[in-house]
Every structure is written in structure tokens, then in C-alpha cells.
Amino acid sequence: MVEDRTLPSRLWNGFLIVLMILISFMSLAPIIHTAAVSLSNMSAAAGGWVTFWPIGFNIESYRKIIDDPNFMNAFMVSVRRVLLGGTINFVLTVMMAYPLSRSPKEFTARNYYMWFVLFTMLFSGGIIPLYLVVKHLGLFNTLWALVLPGAVPVFNVILLMNFFRNLPKELSEAGLIDGAGPWYMLMRIFIPLSLPALATVTLFSVVGHWNAFFDGLIYMRSEENYPLQTFIQQLMVQLPPEYLDSTNAELLEKMSNKTLNAAKIMVSMIPILLVYPFLQRYFIHGIMLGSVKE
Amino acid sequence: MIKSFQKHYHLMLLPGMILLVIFHFIPMFGVVIAFQDFNIGLGLKSPWIGLENFTYLFQIRDSRVIFFNTIFISTGKIIAGIMVPVTFAVLLNELRNALFKRWVQTVVYLPHFLSWVILAGVMIDMLSLDGIVNRAIEAFGGEKIMFLASNAWFPWILIGSDTWKDFGFGAIVYLAALAGIDPTLYEAADIDGASRFQKMRYITLPSLVPTILLLSTLSIGNILNAGFDQIFNLYNPVVYPSGDVIDTYVYRVGLVQAQFGFATAVGLLKSLIGFVLIVISYRLAYRYANYRIF
């Protein structure tokens, strides 16, 4: 490859590298700052002296979290939700994407189903009718309220469907010749070939479930059923310190423990931070794989 | 077409379809609530008041405010959400070291996967009177600013933080487009003695224009969604004049104050306008960029 070795070009390259490092730092800075606050001592954090390195390093706040049954409980609610919801999403996405990826010649009713699916994507009744439906089904305060309304991730279904469509016809034809039925084709041929797309779809579904807070807020009636994000939202985000007055002294004391709050934030981030690097290399490829090829 | 396969395809679609019907299709009938003076005790048999909810909507001062805020914040996010990722993608593309590029991308995609509950917690801490930002301002001799209580700052904080969160992820599409530019164009430019800047101006940027146009057109359909999760977690009554948007208003008035009929009416209006915009934007995208989603 011919490289440009003139001085202006190399200066520009160097400038770009510095710029990119700055941008990367900016993307990480809030997280690093929060990590530093979580590991600092309370007074330094309250005074706002912590920048990107802990002052008075200690892991007290993390100890307090592990001893806090409410927090750990909410954490486990989220874990259960991700496992149940993620699995349901995965199974439904695969089971719906496959038939929809067959052409109308192979599957006569395909277009009718497709229109219906698209219809649900474009139109929605709004939160209030959905809220009432969930209420009437008696799902309030159960894990199912968090898992069932979003059970069919339509966008992911379309992504996976497009991916299936782009697999060579010869594969399914070869399967047919060997006497494979639709289930066999799906499970033994299509799924093994779709691992990048499946990883992408799973990543989005898992992250979506872990980060969701609003459904927990409106469907759960007691704090012990709150998923983690809702729990954190109620405790911290609702009432930032400056807006409280001295009548809420006890609440104020809870809130102004910046170190503890920062530690709770870090703990909620940890699963994402752990899972992300592994799945990251799949999803870039996976997103573009779902696009329509001419 | 193989006859015996048909029923299996139907079977695969069945669970998903049932769930879609229950949670997406049936709630659509709930739009009748918009035309009723809805009372939770009477349910759907509540008194019919026709368009009264809608006329009320047009009379109150609130609607102008929320509508303006929604459009303002959304437009700001769309513009920043295109300019920043494009710039970042073009600059990143200039770099030669593939490993460095991969590393930067990994870091920069991360904020997209964090929830707004978490990020709001981080931001509230950083923007508080004792937070790192105000400390920095003081160090430069300025006066502390209550960012999250200021109607002048709040919309920009929303736009800025949303861009910070998603610019990396948004750049994926542009990076893919850049990778698809024919290298012989660059070689021809080299032969003609073009400098790096000239190559950027005459080859790189023009090649991106179709992608940019496509993505902005598609964002038009989404313009009434100003980002509920983010705003809900960052706002407070002091900044309602500049930060309250349609979705947050519907939540407060509908679910908290239980004015179900009115809130459903607002939601319905939003869906209708949104639908018209989506159809227009997809039509435009199809006509001018041959874009289809299925």
C-alpha cells in the first residue's frame, strides 16, 4: 500500500490519534469518575473533590451494598427478568423469523403474516390501553408483566428474517433433498449458520431487559418486585439533593451519600460492562447483516 | 410449495402471533378511551364525550409548550445526531492503524448500552453544585451553575448528553458506508496529485451524502419521540417549561393524575401525526434512495 510520508500528512495523522484518544476518554470519563467516587471516602466525595482517581480509597460502599437486602433483591429480580425475558425473546424471534423468511411460493400465507407484523410495528394503542390490558390480565406485580408485553421483539424478528433470506437457497434445497422438514431445517441448518446475527439479536434483547425501568415502575405495586433500574431510579434519580429541604432530613441523608450512590451505579453497570466486550465483535457485523441486499 | 410444511410454518408463528394480538392488537381498541370521559370503575362503559378531550387539548397552554419542546429537542438531537457521528466516522476512517481503530470503536460504542437511569444518576452527580463540572468552572474563576434547574441549559444538556451516548453507535452505519467506497477512486485522485483534504472533500464526503440523507429522512418519522427515558430521569418541575415533552406529559397526566381519557387522546394524536410522518419519510426514502425494510 502506498503511504503518504510527507510531514503535513504525518502531523495530521498524529493530531487525529490524539483527537481520538481524547474522544475515547470523553466517552469513558463519566464512568471512570463514577468508579472513582464509589471507591473514595464519603467526605471527599460529598465535597466534590474526586475527579478520576479515588481519594481515600476504600470499598465500604460496596460492602454496604452487599449487605443491603433491598438492593440485592432488586438485582436478582433483574437477573430473573433477563433470563426469562431473554430466553422468550430468543425463542420467539427465531420461530417467527424463519417462516417469514420463506417466500410466498414456499409459504402461502407469508404475506398476510408479514403485513400484520408490520402493522403492529407502525401503530400502537399507547401506554394507557396497554396498561389496562396488563391490569385486566392480572399480571400486575408479577415478573410476567415485564416479560410478556415485549415478548415479540419485532425489530429483531425483521433483522433475523432478512439474515435468513440472505442465506443461499442451495442450503435449504440440499436439506429438502435429504428429507428435512421445517423444524429440522431451522434447528440443524439455519440456526448454526446464523450465530453472528443471533448474537446481535440476543445482545440487544438482553441489554434492553437489563436497562428497562419504566415497565417496572408502572406495573409493580411493591418495592420488592422492582427490577434493579426501577429501584435505583426511585432512590436516586427522583430527588437530587439540591431540591430537597430540611424536612426530608432522613431521605436527605440517604441521598447525599454520593459514594454509596456511585457504587450502586457501578454495580448496575457491571453486567453490561462484562458482557459487552465479548459480544461487541459480533454485533457490528450482525447489524449490517440484517440489511436488505439488492 | 410443499403442502405438509405449511402447517408447521403456521405452528412456528402461532405463539408469537398470540402474544402480538394480546399486547399490540387488542390495546389498539383502547383508543376509544380518547373519546370517553374515562373512569376506571366504569371501564369501557364510561360516558362518551366525543372530541371534547381533543378540544380541551387545543385550548390549554400546556399543549403549545410540550409540542414546541418536543420538536425543538428532537430536531436538535437529529441534527447533532448526524453531524457528530459523520465527523467522527470520517476522521476515524482517516487513521491507518486498524488495531487502534478497533479499540477506539469498542470504547465509543459502550455508552449506548448503558441505561438512562444509570447515566442520569451519573449526570446528576456530575452536574450538581458540588459536582466535577462546577468545580472545574470555579477553578477557572466562574460562578457555579445549577444546570439541571436551568431552563436555559436543560434542552442543550438533553441534546448534548444524548449525542454523547449515541454518537459512536450512530457512526457504525457511516463507517460501513465509508468502507464501501471504491478504492480506485482514491487511487485515481492520488495519480492526479490530490491532497488528503481534497480527497476528503471530493470523494469521501460526497459518497456519504446518500446515507446521510437516508438517515435524516428516516428520523423525520420519529420526530415526536424526544426520548422519554432520558428526559424522565433528568427532569424536575423547575424545568418543565423547557424540558417537558409529549411523552412525559402523557405519563404525568395519564398515569399519575389518572386522566386516562385525556392522556389517551394526546397519545392518539401523537401516533397519528407520527404515522403520517413515517409514511411520508419511508415513501421519500424509497423514491430517492431505493430503501426498503422488507
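Trainee: What should I know before I start?

Mentor: This is a predicted model, where local features need pLDDT of at least 70, side-chain atom pairs count only at pLDDT 80 or more, and totals for chains, interfaces and linings use all residues. Residues are numbered from 1 along each chain as its sequence is written, while chains are lettered from A and ligands numbered from 1 in the order in which they are written.

Trainee: How many helices and strands are there in chain A?

Mentor: Start with the rule. Helices (H or I, at least four residues) and strands (E, at least two) are DSSP runs, numbered from the N terminus. Chain A has 15 helices and zero strands.

Trainee: Which domains is chain A divided into?

Mentor: Domain bounds come from an automatic or database domain assignment. Here they give domain 1 (1-58) and domain 2 (63-289). Eight residues from domain 1 of chain A and eight residues from domain 2 of chain A make the contact. Two residues are in contact if their C-beta atoms, placed from the backbone, lie within 7 Å. On the domain 1 side, α1 (7-38) and α2 (42-46) of chain A each give two or more residues. The largest share, four residues, is from α1(A).

Trainee: How many residues on that side of domain 1 are nonpolar, polar and charged?

Mentor: Ala, Val, Leu, Ile, Met, Phe, Trp, Tyr, Cys and Pro count as nonpolar; Asp, Glu, Lys and Arg count as charged; the others, Gly among them, are polar. The side of domain 1 that touches domain 2 has five nonpolar, three polar and no charged residues.

Trainee: How many residues does each chain give to the contact between chains B and A?

Mentor: Chain B gives 72 residues and chain A gives 80. Helix α1 (residues 3-25) of chain B gives the most to its side, with 13 residues. The chain B side divides into 47 nonpolar, 17 polar and eight charged residues.

Trainee: How do I read two helices side by side?

Mentor: Compare axes. They are lines fitted to C-alpha atoms, for helices over the stretch in contact, and angles run from 0 to 180 degrees between N-to-C directions. Under 35 degrees is roughly parallel, over 145 roughly antiparallel, 65 to 115 roughly perpendicular, and the rest oblique. The axes of α8 (residues 154-165) and α11 (residues 195-211) of chain A come within 10 Å and cross at roughly 175 degrees. So α8(A) is roughly antiparallel to α11(A). The residues in contact include A:L160 and A:F163 of α8(A), and A:V201 and A:F204 of α11(A).

Trainee: Why does A:M236 count as buried?

Mentor: A residue is buried if 20 or more other C-beta atoms lie within 10 Å of its own, exposed if 12 or fewer, and partly exposed in between; C-beta atoms are placed from the backbone. A:M236 is buried because it has 23 C-beta neighbours inside 10 Å. A:M236 lies in helix α13 (residues 228-237) of chain A. Buried residues make up 38% of the 294 residues in chain A.

Trainee: Which residues touch the most other members of the largest nonpolar core?

Mentor: A nonpolar core is a set of buried Ala, Val, Leu, Ile, Met, Phe, Trp, Tyr and Cys residues joined through C-beta atoms within 7 Å. The largest has 123 residues, and A:M96, A:A97, A:Y98, A:V157 and A:L160 touch the most other members. Helix α4 (residues 69-101) of chain A gives the most, twelve residues.
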